[in-house]
Amino acid sequence: MYSAAHTTHRTKRGLKTNTLLWGALALAAGFVFILPVLRLVQTSFIAEGQFSLEAYGNVLARPATWRAVGNSLFIGITSTLGAFTLGTALAWLAAYTDIMFAGAIRFLAFLPYILPSYSMALAWRLFCAPGGAAAAVFALLPGSPAPPNIYGYGGIIFLHILTSFPPVFLLMASALRRVPRDMEWAARTAGVKSFRVFWHINLPLIAPACMGAATLGFLSIIDNFGIPAILGIPAGIPVLPTYIYEQIAGLGSAVFPQAAVLSLLLIAMSLPGPLLQKLLFRPSTDIEAVLPDTSPRVFLGKLRLPVSLCAVGLLFFLSVIPVCFMAGTALKQAMGLPLSADNFTLKNFSFVLLENLKSRRAIFNSAWLAAACALLCVAAGTALAVSLAKRKSPWPRIVETMIQIPYSVPGIVLSLCMILFWMQPLPGFFPGVYGSSKILLIVYLTRFLVVQTKASYSAVAGFDRGLEEAAQASGASALTGWIKIILPLLLPGILSGAIMVCTGVLTELTLSSLLWSAGSETIGAAILNFEQAGALKYSSALSSVVCLAVILLFFLSQLPGRYKLKSYTGDVRI
């Protein structure tokens, strides 16, 4: 009796301790992830230290505000339609037909997504500039028409389509492959025409994926800062992210309340899509349970080779050629002249990598921030993922919900949240992180922790708990079991998540656009500064280095999935 009572008492004490621990973690998560957003809302109602609607009146009465809102909506909707059309067409070719070069098509389609959007904008700016490659091509056409003007609505929408269609392609290809083939065959056998088969069978099954792809594309477009900063600001086309940036960069803390109102407008624009998706479409468990069917359903016949070459050629032209032209610009001594032996130099790369203090500091800052953020995210995200997988307490799910909020907030808004909160997080408490690289680390952690958590959870959820129990039955301690069995099996998924976090930190510009200062420059900020100063050779050189690093990281992230680590079976040796 005493032993049973003692065991019960220890169990209750352990549960109480666990609850207190998770409660403390939830409070900490609320402090880091939730309070900054609430501070933004609070700031929008403050004027001269008192409650006021003055900021709302000033912002909503400005014609410039509604111009930025209208531009954001117009560019967002048109770019989403274009990205959805291009992504779905390529997804249909990849999922349903016997198209050739499928691996090359997948890589080339994904390339504009993994490369920084500002690098793609810079590459196309150089490609379409007077004296650029596009001008040389158009000069060969009848009448020698002028090359398209990349500055303006058309160029911004084109670049948004180019950088936003890859996730649409991936989502739609996955959904199309899960449509049951026998349902299509049965309908066609009954004499139903192809359009009616698509309308009554395919479309209802893939509708949630369509809405999800369109929503994801729209959110990424209205959140993007790099493309409108490079192509929109010189053309006088403001969107909400660049309008917020220009307000704060020009007037400083005096416009924080107005910037907070603009940020809430941007958040309001991002809400209808996810809400409509939840209201109109429920995830189809039937299609999710179907294994992907990768065998072709439509055979192209004689058109197979021409269609395959056209698809590869189009993606190669959109993704690779402008980036190569940008790299070629970085290798030139003089702009406007063709790349030749006399005009070849490595001095531009030497300048940004070895000589210029700001660019060297930016590379160092981004590198250590990426490494530190990845390590911290791996530790915290994997621990949370393990707790989520065990499902023994509701607290991990609460913490997960909290860390998802900053990821759903537009990047420029999250940056403003961090400025407003960390200048004075508590009354009388001034931590001094604003204006230093510390606030960049904080914002990166709040932004990317959920990415690592999702990646680690995918690895943990597929882990066979029987191996852990077998290790314990063999006398292995919990720590030994983790080191020798669990960790080697989870490592590929964890490393993939860590590489995604590293890539995100190295290539981001939106978050650091408002947070960097002298001494805490990042790579994205350095490239933007070179570009705005007209030093295109240096911005091209640094951007080319970033693109190469991102491609290497992408291939590195694919390695863990290609090699299966040995699983432990039988006895565990301690």
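The model is predicted: local features need pLDDT of at least 70, side-chain atom pairs count only at pLDDT 80 or more, and totals for chains, interfaces and linings use all residues. Residues are numbered from 1 along each chain as its sequence is written, and side-chain values use heavy atoms, without hydrogens and water.

The whole structure holds four cavities of 30 Å³ or more. On a 1 Å grid over the protein atoms alone, a 1.4 Å probe fits in a cavity but cannot get out; a pocket is an open set with protein on both sides within 12 Å along at least five of seven lines; lining residues have an atom within 4 Å of a point.

| Space | Volume | Lining by class |
|---|---|---|
| Largest cavity | about 50 Å³ | six nonpolar, four polar, no charged |
| Second largest pocket | about 420 Å³ | 17 nonpolar, two polar, no charged |

The lining of the largest cavity includes Ser 72, His 160, Asn 224 and Pro 241. Helix α3 gives the largest share, three residues.

The second largest pocket has 19 lining residues; Leu 25, Phe 33, Ala 380, Val 399 and Leu 449 are the closest to its centre. α1 (2–44), α18 (357–390), α19 (395–408) and α21 (437–461) each supply at least two lining residues.

Helix α3 also contains Leu 81. Leu 81 is exposed (over 50% relative accessible area), at 56%. Together with Leu 73 and Ile 77, Leu 81 forms a nonpolar surface patch with about 270 Å² of accessible area. Such patches join nonpolar side chains within 5 Å, from residues with over 30% relative accessible area and no salt bridge. A salt bridge puts a side-chain nitrogen of Lys or Arg within 4 Å of a carboxyl oxygen of Asp or Glu.

Note on methods: Points joined across faces, edges and corners; volume = space filled by probe spheres on them. Helix = DSSP H or I, 4+ residues; strand = E, 2+ residues; numbered from the N terminus. Nonpolar A, V, L, I, M, F, W, Y, C, P; charged D, E, K, R; others polar. Patch = residues over 30% accessible without salt bridge, like charges linked within 9 Å, V, L, I, M, F, W, Y side chains within 5 Å. Areas by Shrake-Rupley, 256 points an atom, 1.4 Å probe, with all protein chains shown as cover. Buried < 20%, exposed > 50% of the residue type's maximum accessible area, 1.4 Å probe, protein only.
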